[in-house]
Amino acid sequence: MQATLSDRAFEKISGLMYDSIGLSFAISKKPLISSRLAPRIQRLGLASFEAYAAMIEADEGGEFQMAVDLLTTNETYFFREPAHYAVLEETLAREKPRSARVWSAASSFGDEAYSTAMLLADMAQQGRIGNDWSVLGTDISDRVLQSASRGIFPEERLRDTAPERVKRYCLRGEGESEGLVQMSPKLRERVRFGQLNLCEPIEDLGPFDVIFLRNVLIYFDPPTKAAVVDSVLTQLRPGGLFFIGTAEGRVPCKTPITTLAPGAFRKQTAAS
Ligand SMILES: C[S@@+](CC[C@H](N)C(=O)[O-])C[C@H]1O[C@@H](n2cnc3c(N)ncnc32)[C@H](O)[C@@H]1O
């Protein structure tokens, strides 16, 4: 028989998620939590959501991370929201920087980080930016980060990538690996991944020239959203570019930024 999610267990689980990583679930999300966690509870042979809540609280066998993965979506793909990559390319082409440091915060499987790496590698090759560039991808989920570091993707996730880029930067799998591509070593050596919880104080990582914080703010309530955006923006140099998902609405931050396009901003300089 399937376990039922009581209000108490819902509060316990949503409280744990909010306190540790800022995920905010209104009571209307009770059916969602129930449907996402019930198969896991059954698989573990647990009798109730209360027992599962105790397990994630104790982080038994890394179950906290598993619950996070079940409750969030890691949906991502290469060159998602292409207008942002156009803003990035136009800005870099105009400014011709000798170096560029990019942070993909909430990178999921790394599609955003490697898309940016392809763009920067092309621009450096064409002499439009200097050759000193790198990309850092971070996420809360260890599972997606391990996959990101391997740099292996189902070809389908590169559906919006120009075919000549796929040819230049991807190695096609054969036999058992058919349908998969691996990022080439020349891209992988420029892209690093590490675990980072956006809801905890961010140590000095930057300054970055560009930060992507896309499609993660949706999980946070307004005060957490504002705190995360301001905290992330401390790592962006004045004049640097900042991107959030176009569906994520207004940026609720105190840091002065100028809108360039939907979801695309520039951090103001002292002179602006
Ligand atoms: C939908 S994906 C976004 C991927 C990519 N940025 C994009 O737009 O395609 C959201 C990611 O946010 C991560 N995430 C959720 N809460 C987080 C937190 N508190 N700190 C860091 N990452 C978090 C999830 O693990 C997930 O991989």
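## Close-up views of a predicted chain

**View 1. The whole chain.** The secondary structure comes to 10 helices and 10 strands; helices (H or I, at least four residues) and strands (E, at least two) are DSSP runs, numbered from the N terminus. This is a predicted model, where local features need pLDDT of at least 70, side-chain atom pairs count only at pLDDT 80 or more, and totals for chains, interfaces and linings use all residues. Residues are numbered from 1 along each chain as its sequence is written, and side-chain values use heavy atoms, with hydrogens and water left out. Along the principal axes, the C-alpha atoms fill a box of roughly 65 × 55 × 30 Å.

**View 2. The seven-stranded sheet.** Reading across this open, mixed sheet, the order is β6-β2-β1-β7-β8-β10-β9. At the edges sit β6 (191-195) and β9 (257-261), each pairing on one side only. Two strands count as paired if DSSP finds at least two bridges between them. On average, neighbouring strands here are turned by 20° against each other, direction ignored; axes are lines fitted to C-alpha atoms (for helices, over the stretch in contact), and angles run from 0 to 180 degrees between N-to-C directions. Zoom in on β9 and you'll find four bridges to β10 (residues 264-267), in the antiparallel sense. Ile-257 stands opposite Lys-267 in β10.

**View 3. Two helices on that sheet.** Helix α5 (residues 82-95) packs on the sheet and touches β7 (208-213), β8 (236-244), β9 and β10; contact means heavy atoms within 4.5 Å. The direction of α5 makes about 160° with that of β8. Helix α6 (residues 111-125) lies across β1 (99-105), β2 (132-139), β6 and β7. Against β2, α6 runs at about 175°.

View 4. Which residues come nearest to the ligand? Of the 21 around it, these are Thr-76, Arg-80, Ala-106, Asp-139 and Asn-215 (a residue counts as near if one of its heavy atoms lies within 4 Å). A side-chain N or O atom of Thr-76 is 2.6 Å from a ligand oxygen. Asn-197 places a polar side-chain atom 3.1 Å from a ligand nitrogen, while a polar backbone atom of Leu-198 is 3.0 Å from a nitrogen atom of the ligand. On its own the ligand has 610 Å² of accessible area, and the protein covers 99% of that; areas come from the Shrake-Rupley method with a 1.4 Å probe.

**View 5. The three-stranded sheet.** This open sheet is antiparallel, in the order β3-β5-β4. Its edge strands are β3 (152-154) and β4 (170-172), and each pairs on one side only. Neighbours are turned by 35° against each other on average, direction ignored. Three bridges join β3 to β5 (residues 180-183), with Pro-154 opposite Leu-180 in β5.

View 6. Most residues other than glycine have a negative phi, and most peptide bonds are trans. Phe-79 isn't a glycine, yet its phi is positive at about 55°; look for Phe-79 in the loop between α4 (63-71) and α5. A cis peptide bond joins Gly-206 and Pro-207, with omega about 5°. Pro-207 lies in the loop between β6 and β7.

Definitions and conventions: Polar contact = N/O pair within 3.5 Å; in protein donor to acceptor, adjacent residues only side chain to side chain.
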